[in-house]
Amino acid sequence: MMGGAMTTSWIYLFVAGGLEIAATTLFRYTDGLSKLMPTIAFFAVGIASFYFLSKSIIGDGAIPLGTAYAVWTGIGAAGTALIGLGLYGEPAGALRVALLFLLIASIVGLKLVSTH
């Protein structure tokens, strides 16, 4: 069914994507993995992100790996870029913002056309 209800697998996938955003944001504070606590936090959150990604591709309502990976990396990339724009003053040129919206629209599109 196209655009079906939010299944547990999709919830796991969106949690994984949110954790990926957190992990990449934490990476900024590791100073090349040389600061102990931010590095531990980075790896812990990264492992949690992989855990929820793996949960999304197994069991009832499993999301195909290609779709799950595309959505997971898309959430991570778009979310991290938006945090960079909003919190760290990274450049927000019109083309960059438009491409971020296109990426987000692609993630939503993959969810809407998913048959799983």
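Me: What does the secondary structure of the protein chain come to?

Reply: The chain comes to four helices and zero strands, where helices are DSSP runs of H or I with at least four residues and strands are runs of E with at least two, numbered from the N terminus. The elements follow one another as α-α-α-α from the N terminus on, and the C-alpha atoms fill a box of roughly 45 × 35 × 20 Å along the principal axes. This is a predicted model, in which local features need pLDDT of at least 70 and side-chain atom pairs count only at pLDDT 80 or more, while totals for chains, interfaces and linings use all residues. Residues are numbered from 1 along each chain as its sequence is written, and side-chain values use heavy atoms, with hydrogens and water left out.

Me: How do you know what span to expect of helix H3?

Reply: The expected span is 1.5 Å times one less than the number of residues. For H3, residues 65-87, there are 23 residues, and the 32 Å from its first C-alpha to its last is close to the 33 Å expected. Just after H3, Gly 89 takes a positive phi of about 65°.

Me: Why is Thr 30 called buried?

Reply: Buried means under 20% relative accessible area, exposed means over 50%, and partly exposed lies in between, computed with a 1.4 Å probe on protein chains only. Thr 30 has 0% relative accessibility and therefore counts as buried, although this residue lies in the loop between H1 and H2. Leaving aside neighbours within four places in sequence, Thr 30 is in contact (heavy atoms within 4.5 Å) with Lys 35, Pro 38, Thr 39 and Phe 42.

Me: Why is Thr 24 called partly exposed?

Reply: Thr 24 lies in helix H1, and its relative accessibility of 29% is the reason why it counts as partly exposed. The side chains of Thr 24 and Thr 80 are joined by a polar contact of 2.5 Å; such a contact is a pair of N or O atoms within 3.5 Å, where within protein one atom must be able to donate a hydrogen and the other to accept it, and residues adjacent in sequence count only if both atoms are side-chain atoms.

Me: What makes H3 and H4 roughly antiparallel to each other?

Reply: Their axes come within 10 Å and cross at roughly 150°, the axes being lines fitted to C-alpha atoms over the stretch in contact, with angles from 0 to 180 degrees between N-to-C directions. Angles under 35 degrees count as roughly parallel, over 145 as roughly antiparallel, 65 to 115 as roughly perpendicular and the rest as oblique, and H3 and H4 are therefore roughly antiparallel. Among the residues making the contact are Val 71, Ile 75 and Leu 85 of H3 and Leu 100, Ile 104 and Ile 107 of H4.

Me: Why is H1 called oblique to H3?

Reply: H1 and H3 pack at an angle of about 40°, with their axes 8 Å apart, which means that H1 is oblique to H3. The contact includes Trp 10, Phe 14 and Thr 24 of H1 together with Trp 72, Gly 76 and Thr 80 of H3.

Me: Which residues of H3 are buried, and which helices do they pack against?

Reply: The buried residues of H3 include Ala 68, Trp 72, Gly 79 and Leu 85, and the buried residues of this helix pack against H1 (8-27), H2 (36-56) and H4 (94-113). In the whole protein chain, buried residues make up 29% of the 116 residues.
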